[in-house]
Amino acid sequence: MRNARAVVGQPTPLIDGIEKVTGQAVYTADLPAEGALVGRILRSKEAHGRIRRIDIEAARALPGVRAVITGADCPLTYGVLPIAMNEPVLAREVVRYRGEPLAAVAADDAVTAAAALALIAVEIDPLPACFTAAAARAPDAVALHADKPGNLEREVHHRFGDVEAGFAAADFIREHVYSCAEVAHAQMEPHAALASFDPERGQLLMQSTSQVPYYLHLMLARCLDLDPAAIRVVKPFIGGGFGARVEVLNFELITALLARASGGTVRMVLSREETFLTHRGRPETEIRLKLGITAAGRLTACAAEVVQRGGAYAGYGIVTILYAGALLQGLYDLPALRYDGYRVYANLPPCGAMRGHGAVDVRFAFEAALDALAAEAGLDPFALRRANLLAAPTETPNGLRVESYGLGTCLDWVEAASGWRARRGRLGPGRGLGMACSHYVSGAAKPIHWTGEPHAVVHLRLDFDGGITVLTGAADIGQGSSTVMAQAAAEVLGVPLARVRVIAADSALTPKDNGSYSSRVTFMVGNATIAAARALRERLVAAAAVLLDAPEAAVEDAGGQFHAGERVASFAEVTRAALAREGGAITAKGSFTCPEPFQGGKHRGGAVGATMGFSYAAQVVEVAVDAETGAITVEQVWVAQDCGFAINPLAVEGQIQGAVWMGMGQALSEETGYESGLALHASMLDYKVPTILDSPPIAVHVVESLDPNGPFGAKEASEGALAGFPPALAAAVADAVGLRMDRLPITPDRLLEALAQRARAGRLARALEVA
Amino acid sequence: MQMQPDAPPAAPRRFRLNGRDRSVTVPDHALLIDTLRETLRLTGTKQGCDGGECGACTVLIDSVPRLACLTRTGECEGRVVETIEGLARQGRMNRVQRAFHEQLGTQCGYCTPGMVMAAEALLRRVPHPTEPEIRAALAGNLCRCTGYVKIIAAVQAAAGEG
Ligand code: FES
Ligand code: FES
């Protein structure tokens, strides 16, 4: 890369950071909309039932009410996967979870909207409901969806390699059941949308808290039966996502329907409770895992049976259950794998994609089993990992390509930085060290909607002012993707970052982008940005050649200046010449497509898990356990991640810290629990994300394996480290108190109970000995 | 947004807001967050929860951090109220804002106004806080993005100890 590392690779504050720290950043709920109507949703109090009657006449008659809608106003279902669009916008005939939207109103003000909701009469005949995967799979369970008997949304049975021979060759085998509670994203910004419908033109303007504005565009067109050209979707600042917003959500479609019904502008701001009920979190998951190793620590085989309780509708469920199997591979050299996955419906808010989608809970089981096997075989946990490293480039038995692989370097760093060899097992009573590894994809190699288009397209615009405008559909949700695109463009064009501006995610201006999910943006949109910048540079070089009276090959593009021998032309001069030559403002296009060989194995579901580049992470967690209270304090974390190349090292570090910390929440305190379908956690007090008092220092080391296909060698940086935390924590607890906790979160009461159980067992054993 | 039916009659409320004397006429029970965001269109102050659980709405009243979602506008009568919009001078970030920007104490930015105001209050009271003092001062402010590591670094940098 010419002039490499002038802009990329430099720690760079976010290009929209000043707006965020000064309060100028406009989030969806902040959008000015004088006179906008207030939208509100009426939600079901039944977990499962047949709707006998929803009477909206009294609400409609209330002065100040401009629109009331029910499921009758939208016969079409929606959903993120074209093969599983089974969710009604507002319940029709049947309600399937407590909190499901039944009706919605738009009114002049919040007081009137609330009064209108209270006037809606609802009669629902209850049906038997299932709240656990076991209940949903029971032979006599009532089916939530007529086309899915047994409430089985999808089962997956994958076999790669000779699993039986692998276990036969193993010297040590561990078979154990692990379980992980359902968790939620709890992004700090509650959901919100602002929709304006112009009845004269039949046009809709939609602004929403979305990670996937393009999917939103498609679903609005579908559910409102509008010409996509009549819709404009604009993404404001977004207060986090973590996957909560990678599929279209009911409130967005409801807001648009209300705007059309009222012929005006409707603002919908969900409460925190409603934001939790909208959900799409990580499903409650049970993993029966069997793992074999040789005495030397080589993995011989893995068998995993995974059950996910997916909630009432499909959402991303099929993808989640496929990821859980596919991503058992790709981290280590695992010669044989049997995977049986079951995605189950239940009468609870729908689950979806959450940071580390599909990989986190199975990774907990796998790494926890490895830790136990290491102890049994008398191997150091690091040595056990090192015995199973992959050698890139390679392809796993399930068809995943690994082109770059820095896990070994990650292991070396965290082992040294944590003082592992000197300190493990020697920290004194109640203190411990644990380690684990993890990985994640840099973008799903196959898009959900197959259109034949590239996977990412970016436009660069250059006009008289000499400023470069990056036009991208990519949704910056706080992760800093707009900054990465600006850096990439500035780097290739050799101009200062300040000369580049980014306009993102406005369907009227920016090329379509699939969205901010599966950590695809840096890799795919970054590559498209590089391609666009190179295309623009070529056109500038052509203009410079004319200006400098030299052949193009003789023109050297050096940091915003163009040379040919002794002659020099400034960027401004060349811009003028290029505009004159090309007839005005220049737009250069760049695109990126994951080539076919990267799109996964040929088996059914083989596309899920396939990516062009896996990130790799290793971490060590140090804990102190209070045996009196069961409280676990995380003292320190050391994490190293191979992100290929850190385009923005400051943001990479922040992403890795955030991911590790989110893993800590899942490991220690977070859980979305229900009682007869009633959410018990739907507030920021009851859903316990760690506070600053609970949060440890997290030392980060970035490993740069320079992926051959990544932009400047970069891979993903924001998901890979999450999954390693829970098993590293469990291993540290095992080191501290000698107990292997197999159920997340490891709350004080669970740990106390386990300690008490061990004490009872010990007393019993001693008593038997005496007897 | 939180307004109740049967609102008692509104009375003008006077307070000093971000360096200017303001008078607003809102119902007695109107919450400060709604007065700021809806009546005065100062949307920098964020709502992140259904009341008192997240700290996103933190503002300063007489230099003390307060939750605007739990404060009645009437309580501000005659007092000095500061929001995130009031910290910059002539469009230049103050030291806390600059440190949060430069140290990446902000990712998505949604917790940031509250976080910055809480940190500002701390540094006015304790110019050189220890790390435990920083943690204690920000204990009521949740952030879902940063893991707090760079938030602590930002406050330390703002205190001149970064
Ligand atoms: S908005 Fe959450 S504490 Fe005020
Ligand atoms: S920066 Fe996103 S919540 Fe703190």
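Entry 1. I took two rings of Phe, Tyr or Trp as an aromatic pair if their centres lie within 6.5 Å. The model I examined is a predicted one. My search of the whole structure gave 15 aromatic pairs over all chains. I then looked up A:Tyr332 and A:Phe366: their ring centres are 6.0 Å apart and their planes stand at 25 degrees, so the pair is stacked, the limit for stacking being under 30 degrees. The pair links distant parts of the chain, 34 residues apart: A:Tyr332 belongs to the loop between helix H9 and strand S17 of chain A, and A:Phe366 to helix H10 of chain A.

Entry 2. I checked the burial of both residues. A:Tyr332 is buried, with a relative accessible area of 2%, and A:Phe366 is buried at 0%. I also noted A:Arg363 over the face of A:Phe366, 4.8 Å from the ring centre.

Entry 3. I followed the open sheet of 6 strands in chain A, whose order is S9-S17-S16-S15-S10-S33, with mixed pairing. Strands S9 and S33 of chain A stand at the edges with a single partner strand each, so one side of each lacks a neighbour in the sheet. I found that helix H10 of chain A packs on this sheet and touches S10, S15, S16 and S33 of chain A. Strands S15 and S16 of chain A run antiparallel and are joined by 10 bridges; A:Ile287 stands opposite A:Val306 in S16(A).

Entry 4. I turned to helix H2 of chain B, residues 95–102, whose buried residues include B:Val96 and B:Phe100. The buried residues of H2(B) pack against helix H1 of chain A, as well as helices H3 and H5 of chain B. B:Asn94 caps the N-terminal end of H2(B), with a side-chain oxygen 3.0 Å from the backbone nitrogen of B:Val96.

Technical notes:
Residues are numbered from 1 along each chain as its sequence is written. Chains are lettered from A and ligands numbered from 1 in the order in which they are written. This is a predicted model: local features need pLDDT of at least 70, side-chain atom pairs count only at pLDDT 80 or more; totals for chains, interfaces and linings use all residues. Side-chain values use heavy atoms; hydrogens and water are left out. Buried means under 20% relative accessible area, exposed over 50%, partly exposed in between (1.4 Å probe, protein chains only). Helices (H or I, at least four residues) and strands (E, at least two) are DSSP runs, numbered from the N terminus. Contact means heavy atoms within 4.5 Å. A polar contact is a pair of N or O atoms within 3.5 Å; within protein, one must be able to donate a hydrogen and the other to accept it, and residues adjacent in sequence count only if both atoms are side-chain atoms. Two strands pair if DSSP finds at least two bridges between them. Axes are lines fitted to C-alpha atoms, for helices over the stretch in contact, and angles run from 0 to 180 degrees between N-to-C directions. Rings of Phe, Tyr and Trp (its six-membered ring) pair if their centres lie within 6.5 Å; planes under 30 degrees apart count as stacked, over 60 as edge-to-face and the rest as tilted. A charge sits over a ring if NZ of Lys or CZ of Arg is within 6 Å of the ring centre and within 35 degrees of the ring normal.
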